[in-house]
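Hello,

Here is the structure I promised to pass on. Please open it alongside this note.

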Amino acid sequence: MAPKIEELENGRQTKVTKNPFEPRKTTTVQRSRDEVYPERKGLHKPQYLGDSELDLLFQKLEKILEPKLEDISIEQLGESMFGKRDVPDIRKAVVGQLLDYLIEAKEFSLKVNEKSNDKNLLSISLHDIKTFAKLVNVIIILGIYPCIMPLRIGIPLEKRRLKDFGTPIYKPIQVDHIPPALGAKSYAERHREHESLLTFVYEKLTQVFFEPSDVQQLLMKGSGYSDFLTVAITLATVPYFNHSTKQKALRDFSRVTSIASTFELYQDYSLLLSSSSPGYFKNFVLQKLQSLPYSAPKGDGLLTLMEYVLGLRDQEEIGVEKLDQVAQIVLQKPKDCTSQEYFSSIGNQCYDLLVNINRPTITSCTAHVIEKIWYKNSKIVEDFIIKRIWKNLNPETKERKELVLVSEAAFNNNINVLISLSSKGLPVPLLLTVFMPILAPLWSYYIFLKNHEKSGEVVQNIILGFLACIGSDSLALQDALVLIARNVVSTGGEGWIFRYGPNLLVEIGRENEELSTKTSNETKVLDFVKALDNGCKYFVELVKQLDDEPVRRLFTSLLKNWLNSDTQSLAEDNSFLKLADLRILESMANDFKETLAESPKELFDLIHSVLQHKDTSADNDNDADSDDEDESESREGEIMTVTLELLSAVLSETQSELLDDACKNILRQIKETLVESPLPTAHSLSQRIDLLLTGDSPVKNERDAHQKVFTRAITNLNDPLVPIRAHGLYLLRSLVEQRSSVLTLEFALNLHLIQLKDPEPFIYLNAIKGLDSLIDWDASSVLPHILSLYSGTSEDKADLDERLRIGEVILRYIRHQDEAFIGDLAKEVSNAALSIIRRTSNDEPVVDDRLRMSAMSLLGTCCNTNPIGILDNLENALDCAIGILQLESDKEKAIMRRSAIVLIHDLIVGTSKSDSVPFPISYKEKVVTVLRYVKENDSDLLTREHAQTVLETIDELVKALMSNDE
């Protein structure tokens with residue numbers, strides 16, 4: 001068949017001319033999905049449709065809410081629900097019907113749960129949850145926002161859609177505001193319709209929120225509760241609303257907040273405060289936010305405050321500044337509550353948080369809060385926290401009749417509190433206040449566990465942690481050790497004892513007085529001797545964990561007490577104490593021979609105390625009875641002989657060059673005592689002392705003292721307990737700050753870098769401080785080394801956490817230098833930062849964005865501190881920032897673009913402060929152009945806001961420059 005020829009009206013055939021440059025249309029043999037699957041339903045449609053009341057309801061809702069969220073309107077829903085009927089108030093009718101659907105969903109879900117055997121199974125299917133979420137969003141858009149937006153209350157709707165912002169599916173939603181009443185003569189009349197609809201919505205929502213159900217659970221997890229809370233606060237605060245409406249909302253408000261988690265309340269209140277709401281609304285929200293730490297409905301206000309401020313739910317690293325922020329919030333007591341009420345709640349919460357030793361970050365933050373409160377008012381900490389600790393370890397028995405004074409759970413919790421407090425490096429006065437009144441009962445608990453063949457490691461670590469933390473105060477440490485020694489055989493307190501409860505855990509119960517009176521005196525003496533042997537053994541085990549100096553001081557102190565007690569009355573109790581002291585001295589003399597012989601001063605003190613005691617005893621013997629004379633002379637002669645032999649041995653091993661002024665003074669006092677003695681050996685020793693004192697004059701040298709501190713620091717750094725390791729870093733830092741000759745710079749640097757890797761915050765934060773001191777010592781040697789680790793050019797590779805912590809060290813150095821931040825070191829810092837920021841080539845490892853952000857922060861701080869220091873790299877920094885904004889446009893790179901804009905802001909502000917370093921002229925127009933483009937086109941809303949802020953800063957600087965020129 002010949003092809004058909006198209007004819008024109010005039011009958012002529014026309015030839016079609018093709019454009020040879022026209023692009024060819026693509027052709028394919030691929031079939032469409034409708035051709036392949038003609039009966040395809042789509043993945044978004046379920047294969048099975050249920051016939052229950054709940055299923056039928058959601059099938060109906062799916063048809064009503066079929067249009068997209070941006071296209072749904074009151075008129076369209078009204079026509080779907082009510083047809084052509086004339087409805088007086090179409091908005092209220094539509095919103096009310098939607099709320100009724102929500103209430104029906106709740107009622108139907110409850111019926112399903114009653115019939116279901118698995119109470120954990122959600123009654124609403126996954127497919128229907130999408131329809132449920134759309135129903136809630138429609139209620140919010142059509143029923144709540146039209147009322148609160150005219151009042152300028154709440155979070156703008158667009159800010160709640162940041163997830164979809166900049167994506168192809170994003171379309172703005174227009175909220176149809178309810179107009180104010182025409183001809184209104186007052187604000188109450190003007191907003192009467194808003195009040196009416198909000199009240200209507202609030203009453204409907206209370207039927208859903210105030211009854212536990214699957215619907216309530218879904219509303220608490222997603223959109224719903226925050227809007228319900230906003231409506232409740234609006235009704236309670238708007239001054240134009242009816243008084244009865246406000247009173248009802250205020251009465252219900254505690255119930256509204258009780259159904260939400262405290263973290264949800266912190267989030268919602270913080271978001272509402274950040275909005276541009278009226279003052280009366282913000283004041284109410286601020287009042288409720290301030291009351292959360294002490295009166296949260298769930299009782300976890302302080303815990304949630306720490307989680308919220310520290311960001312523990314989304315990040316692991318914490319900073320000291322965040323700990324200070326938590327403490328500052330806690331110290332700001334609200335005006336609407338008494339100090340008694342506020343600090344009682346805070347104190348009880350602090351105690352409960354210290355119990356949870358499995359959350360070290362929370363216990364560290366709690367200890368930091370307690371420390372700050374202590375500095376402000378120590379009585380608050382003592383009355384509301386410490387007394388509870390005392391009560392649970394040393395209970396009063398006079399006014400109590402119950403047999404169990406401290407239950408198993410309460411006692412175990414109290415031990416956990418002491419574990420937390422002894423491991424946080426608290427101030428010495430605070431630790432002394434906490435532990436000294438309960439140190440004897442704590443030692444008794446340790447003895448109880450050892451006597452019952454249980455592990456006492458936990459209690460021993462508590463005591464050692466406490467002793468390590470107060471080690472800087474030698475007198476306090478000695479008093480604590482003497483207190484334990486005086487109670488070495490203690491097994492309980494006044495009227496109470498330790499015992500095992502029904503759950504085989506330790507509890508404190510009332511002592512059985514009848515059983516004590518029935519025990520014979522002989523049995524009591526045998527029990528005492530056995531307890532004394534065990535107590536001395538355990539005490540020596542404890543003292544072995546300490547440094548040598550406290551051991552020597554303790555031995556001297558106990559010996560003095562034992563000698564002085566000989567002049568007191570020989571009552572039964574005093575005899576037992578003397579026996580206990582003598583037994584401890586014997587145990588320590590056997591186990592610490594070398595330690596006691598190392599320091600001549602301590603031994604000279606000991607010898608002097610014995611000789612003084614001998615003179616006092618001789619004066620008292622003049623009036624003594626003849627029956628006791630022989631025994632007294634024999635005992636005193638034995639003590640005098642041992643003392644003189646000890647003095648001779650010490651003098652033989654002592655060099656005159658090592659004697660300080662304190663040792664010389666003691667030797668002079670010993671010599672005066674020996675001259676008056678009739679013994680020939682005493683005179684010989686006095687002559688030897690003369691020769692020793694008249695020898696070469698000792699040279700003042702702090703090296704030995706520094707060497708002792710250094711040895712103690714190294715020992716502490718190898719200890720498994722966190723507070724002792726942190727104290728070792730403190731001692732090492734003190735030597736660095738004194739430029740001590742006992743350690744080299746390289747050794748100290750390597751030691752701090754090792755500790756910087758420790759996961760414990762108290763360790764690596766102290767390591768950061770130590771590195772800061774090392775830079776002050778010799779920046780030209782230390783800074784290049786840590787910069788090579790930071791930039792990754794060193795042979796010793798560091799992990800990400802270590803490099804970020806080194807970045808903190810460098811940041812502290814830049815700030816400390818201030819205007820002195822210039823020269824080669826400043827250039828090295830900026831070069832290292834730029835090498836990290838620049839994108840690597842294909843054959844190099846990718847740099848983590850967190851490290852690049854850290855480097856940009858360093859550059860910005862450099863320019864803000866002293867732009868002269870990075871003058872050569874100023875344009876390179878701008879190139880990096882502009883390159884990030886232009887090339888790294890992916891959604892996951894939004895944080896890098898924000899950091900780049902902050903860097904540009906720092907460079908602009910830093911150069912504006914300096915008269916000698918202007919902003920590069922060739923980059924002015926380019927920076928403004930890039931920022932304007934980002935402001936208009938970036939896919940991240942926060943990046944846009946940052947760009948707008950920098951542009952406003954530039955405008956302000958230009959205006960200021962023009963005004964100065966005029």
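Below is what I found in it.

This is a predicted model: local features need pLDDT of at least 70, side-chain atom pairs count only at pLDDT 80 or more, and totals for chains, interfaces and linings use all residues. Residues are numbered from 1 along each chain as its sequence is written, and side-chain values use heavy atoms, with hydrogens and water left out.

Helix 39

Helices here are DSSP runs (H or I, at least four residues), numbered from the N terminus. Helix 39 covers residues 849-865, 17 residues in total. From first C-alpha to last it reaches 24 Å, close to the 24 Å expected (1.5 Å times one less than its number of residues). Of its 17 residues, 13 are buried, so helix 39 is largely enclosed by the rest of the structure. Buried means under 20% relative accessible area, exposed over 50%, partly exposed in between (1.4 Å probe, protein chains only). Asp848 caps the N-terminal end of helix 39. One of its side-chain oxygens lies 2.8 Å from the backbone nitrogen of Arg850.

Two positive phi values

Most residues other than glycine have a negative phi. Glu453 has phi near 60°. Glu453 sits in the loop between helix 20 (439-451) and helix 21 (457-469). Glu453 is exposed, at 74% relative accessible area. Asp818 has a positive phi of about 55°. Its place is the loop between helix 37 (800-817) and helix 38 (823-837). Asp818 is partly exposed, at 41% relative accessibility.

Residues 923-956

Over this stretch the chain is 91% helix and 0% strand. The end C-alpha atoms are 18 Å apart.

Best wishes

Key
A polar contact is a pair of N or O atoms within 3.5 Å; within protein, one must be able to donate a hydrogen and the other to accept it, and residues adjacent in sequence count only if both atoms are side-chain atoms.
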